[in-house]
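Subject: Structure handover

Hello,

I am passing a structure on to you. Please open it first, then read my notes below.

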Amino acid sequence: MADLISYREAVAKGLAAELRRDPAVVCLGEDIGAAGGVFKTTAGLFDEFGAGRIWDTPISEQAILGMAMGAAMTGMRPVAEIMFSDFFACCWDYLANEIPKMRYMTGGQVTVPLVVRTANGGGLGFGAQHSQAVENWALAIPGLKIAAPSTPADVIGLLGAAVRSDDPVVFFEHKRSEERRVGKECRSRWSPYH
């Protein structure tokens, strides 16, 4: 019988693979360091990569995306976590007006290769302001790529492709996805990055 990997384990595995592959990749967000993230999707990363690559931030979605944008514009490949997708309302100017339009506003001279990871959806009792599915908010933004993987295999492949993209990507991780498990030997049909 194949070993099973959960969706949240796939996120940590995909992030670790990209951090190992490219020293320009960094992760930032609230409690993602030693705490391993509220959903434990960054568990083990701080131990392996340290504070130089795994950045705990203040509770400020604007600060997280502002820092990620600046880092991306200067050659890094940040993976920023906004704990709950509902909180995009707090940093919407960066997500809708600044980050995805920078390439166009500079005539292609500046790219913003960053990933914004976020937990999305409801059904787990987090409360009304922590339980929305807001993909539709982001779908209409020019210059912004959207990923919403449904299986652990898709997480690994799509996360690798997102981190390697020179354009910004919003990576929606459904909160109830922990229930889905798949064999480690399964490969994503979306990307060769494993």
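Of the 194 residues in the protein chain, 52% are buried (under 20% relative accessible area; exposed is over 50%, partly exposed in between, with a 1.4 Å probe and protein chains only). This is a predicted model, where local features need pLDDT of at least 70 and side-chain atom pairs count only at pLDDT 80 or more, while totals for chains, interfaces and linings use all residues. Residues are numbered from 1 along each chain as its sequence is written, and side-chain values use heavy atoms, with hydrogens and water left out.

First, the overall figures. The protein chain exposes about 8700 Å² (Shrake-Rupley method, 1.4 Å probe; for residues, only the protein chains shown count as cover). Carbon and sulfur atoms supply 54% of that area. Take the contacts (heavy atoms within 4.5 Å) with a separation of 6 or more: 80% of them join residues 24 or more positions apart.

The protein chain has seven helices and eight strands. These are DSSP runs, numbered from the N terminus: helices are H or I with at least four residues, strands are E with at least two.

Now the sheet. Six strands form an open sheet in the order S3-S2-S4-S5-S7-S6, with parallel pairing (two strands pair if DSSP finds at least two bridges between them). Strand S3 (54-56) and strand S6 (145-147) stand at the edges. Each has a single partner strand, so one side of each lacks a neighbour in the sheet. From one strand to the next, the twist averages 20° (axes are lines fitted to C-alpha atoms, for helices over the stretch in contact; angles run from 0 to 180 degrees between N-to-C directions).

Inside the sheet, S4 (residues 77-84) and S5 (residues 115-120) pair in the parallel sense over five bridges. Glu-81 stands opposite Arg-117 in S5.

Two helices to look at next. H1 (residues 7-21) packs on the sheet and touches S2, S3, S4, S5 and S7 (169-174). Its direction makes about 135° with that of S2. H3 (residues 61-73) also packs on the sheet, touching S2, S3, S4 and S5. The direction of H3 makes about 165° with that of S4.

Last, two backbone details. Most residues other than glycine have a negative phi. Asp-31 is not a glycine, yet has a positive phi of about 60°. Lys-40, also not a glycine, has a positive phi near 60°. Asp-31 is in the loop between strand S2 (25-29) and helix H2 (45-49). Lys-40 is in the loop between S2 and H2 too. Asp-31 counts as partly exposed because its relative accessibility is 45%. Lys-40 is partly exposed at 43%.

Best wishes
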